Amino acid sequence: MAGAAVVPHGTNVRAMLERRLIIVTGKGGVGRSAVSAALALRAVHLGKRVLTVAMTDQLGLALHLGRERLEYEAREIRPGLHALAVHRPAALNEYLKVQLGVPKVTRMGPLARAFDALASTAPGIREVVTMGKVLWEVRKGAWDLVIADGPPLGQIGSHLRAPQTVTELVPVGKVREQADWMMDLLADASISGMQLVTLAEELPITETQEALTWLTEHQVISPPEVVANRILPALDATSQQIKEVGPGPAREAALMHKTLHEEQQKWITQLSPDVQLPFLFGLHTPPEVAARLADVWGEE
Amino acid sequence: MTSKVLLVTGGGGVGKTTLSAALAVTAARAGVRTLVVTIDPARRLATALGLKNLGSEPSPHKDEPNLWAAMLDASASWKAIAHRHAPADVADRLVDNPFFEAATQHFPASQSYASAEEMANYVEARAWDLVVVDTPPSAGGIEFFSAPAEMRDLVGGRLLRWLTGGAIPGRRALFTLTARPALRIAGAALGSDLLERVAEFLMDMRSMYDGLARRAVQIEQHFRESRTVVVTTADPAPLREAARFYRDLPEMVPDPDAVVFNRVLPVDWHNPKPPSDGPLVENLARWGAEAHRQTEVRKEFAALWKTEIATVPWRPKTPTTLDDLAALITAAEGLPLERLGVVTQ
């Protein structure tokens, strides 16, 4: 199996993409934008009409889609693939207008600022506006699949739980009614799913385990798939062969590969991920990375 | 004794915490009394540093006489900050308020501010020659330096003014908030009670202003006197963070004293002369391609921002002992250890 690609296993990608919403999250630096973009490309390849949403930081997703930046209005990236970035003031505007039924707002400036002051202070409000935009796109029904490049792992709990937090804070009123349908949509396993991206290293694995425990306790969304990114294939050489090659780069690279692979396997067994994506050697641009990973998703 | 400060910054996942620890161990072994302040270290690294509990209290290392370590907890730091800057009764009310936790977690600046204020406390304690600060991941890079100004602004009433529409009213006026046309809708959506609770909370936060504003100025002075290391890898996201030190440069951000590329592969893996064919050559070819990519990225960065670059080799195993950590710095190339205060003449 010299250099065999590590392909996704254990999960039917096609079935995964049958849902209407996939929220992708992971610790900073594990490649969640790359995975979001790759999933989107794969779904488009299967003939779906897809919207990708950058929830908190848009740059990663934009670059993996080959764009400088994304707008709040959904733009077509290529046939079947659209993208937008949640820009909070605009999301707040839409939330007030569409969801709370604020009629014709003439003085949006002061209201938006006042609401922003509130959202920065009262727990859950800021997150409910961001989640609200994503869930609203799902509810509208214009897309077969919405893929959300979510907040980093550290903030995912406060986002997923935002509708509950708001109902605890605001017992009545329109905000409360909105929170109710959001919770239902998120909890529906046939509609919403989640992917936790990780690396086979100590910190990302530990944080992923913590997140899985949190998700089991809170039951806000169906259990996520765990995606282990940048996984090395086993080196197809015996210790004897490595010894025989003599000192020099070939031996060094072999020993490096072998040790890294063993380390990765040690961490991976603690988590048994649903999907493994390969380490990509020497690739330059984010769109290349997304395209390669999308191909790998297709090799099931 | 005056303390020098070494700030280790950079994007998420670049090995900032490990390098902070490695620099601290190197300094301690060179006879420099060193405190390393970490945030969220991996368990094995925390163990290597002799860290057991979260908290701002530095603990001396049992095997390394010149080494101390502390592991910050932003939530506990903020409680201490409230008690430091607000009158006792207001501080008690603040830390019990559920909004306090939300507000101090919401802003990327608040985690940075908490560690910056702890940094200032350590420096002023004058108990160490060198304080190495591993900056919070949420700050990315340059946000760490603008955090004091940002917090001063927030505590000073920016949000409160947004809520009240300009001037800061007396406490009594808060109960007529929903009379503001702009807030009538928000009041209807959320209930006027919530608006009032938020406004009251923001009034309480304001009582920290004088103390915090004074402290922020002192912290900024410490920043100006600090040494800064920017850590990155050859990956696009951390590279963008590193580039911001040169591109966006707000006034209070010092020029980095070193840019460190971490997880660097040997340059002689590029054009390999294959000893024979077979799987090992195939393996070297793909790693050589990765090494080549890394070199190109480093050259490009150095040329674009006219800076020297230091490199730390990629170690397949995470360092788990003080010796491993020290070895990382020994194997590094181009690190200006003297300028960074890690070794002294």
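Modeller: Happy to! Chain B has 13 helices and eight strands, where helices (H or I, at least four residues) and strands (E, at least two) are DSSP runs numbered from the N terminus. This is a predicted model, in which local features need pLDDT of at least 70 and side-chain atom pairs count only at pLDDT 80 or more, while totals for chains, interfaces and linings use all residues. Residues are numbered from 1 along each chain as its sequence is written, and chains are lettered from A and ligands numbered from 1 in the order in which they are written.

Let's start with the setting. Along the principal axes, the C-alpha atoms of chain B fill a box of roughly 85 × 45 × 35 Å. Of the 345 residues in chain B, 50% are buried; a residue is buried if 20 or more other C-beta atoms lie within 10 Å of its own, exposed if 12 or fewer, and partly exposed in between, with C-beta atoms placed from the backbone. Contacts are counted when the C-beta atoms of two residues, placed from the backbone, lie within 7 Å. Among contacts in chain B between residues at least 6 apart in sequence, 74% join residues at least 24 apart.

Now for the sheet itself. The eight strands form an open sheet in the order β3-β4-β2-β5-β1-β6-β7-β8 of chain B, with mixed pairing; two strands pair if DSSP finds at least two bridges between them. At the edges are β3 (55–60) and β8 (310–313) of chain B, each of which pairs on one side only. From one strand to the next the twist averages 20 degrees, with axes fitted to C-alpha atoms (for helices, over the stretch in contact) and angles running from 0 to 180 degrees between N-to-C directions.

Within this sheet, β1 (residues 4–9) of chain B pairs with β6 (residues 227–232) of chain B in the parallel sense, over four bridges. In that pairing B:Leu7 stands opposite B:Thr228 in β6(B). Helix α1 (residues 16–29) of chain B packs on the sheet.

For comparison, here is a strand in chain A. All five residues of β4 (residues 81–85) of chain A are buried, so β4(A) is largely enclosed by the rest of the structure. A:Leu81, A:Ala83 and A:Ala85 lie on one side of β4(A), with A:His82 and A:Leu84 on the other. In a regular strand, side chains alternate between the two faces of the sheet.

β4(A) has two neighbours to point out. β2 (residues 50–54) of chain A runs parallel to β4(A) and is joined to it by five bridges, with A:Val53 opposite A:Leu84. β3 (residues 75–78) of chain A runs antiparallel to β4(A), over three bridges, and A:Arg78 has A:Leu81 as its bridge partner. β3(A) and β4(A) form a hairpin with two residues between them, and A:Gly80 in the turn has a positive phi of about 90 degrees.
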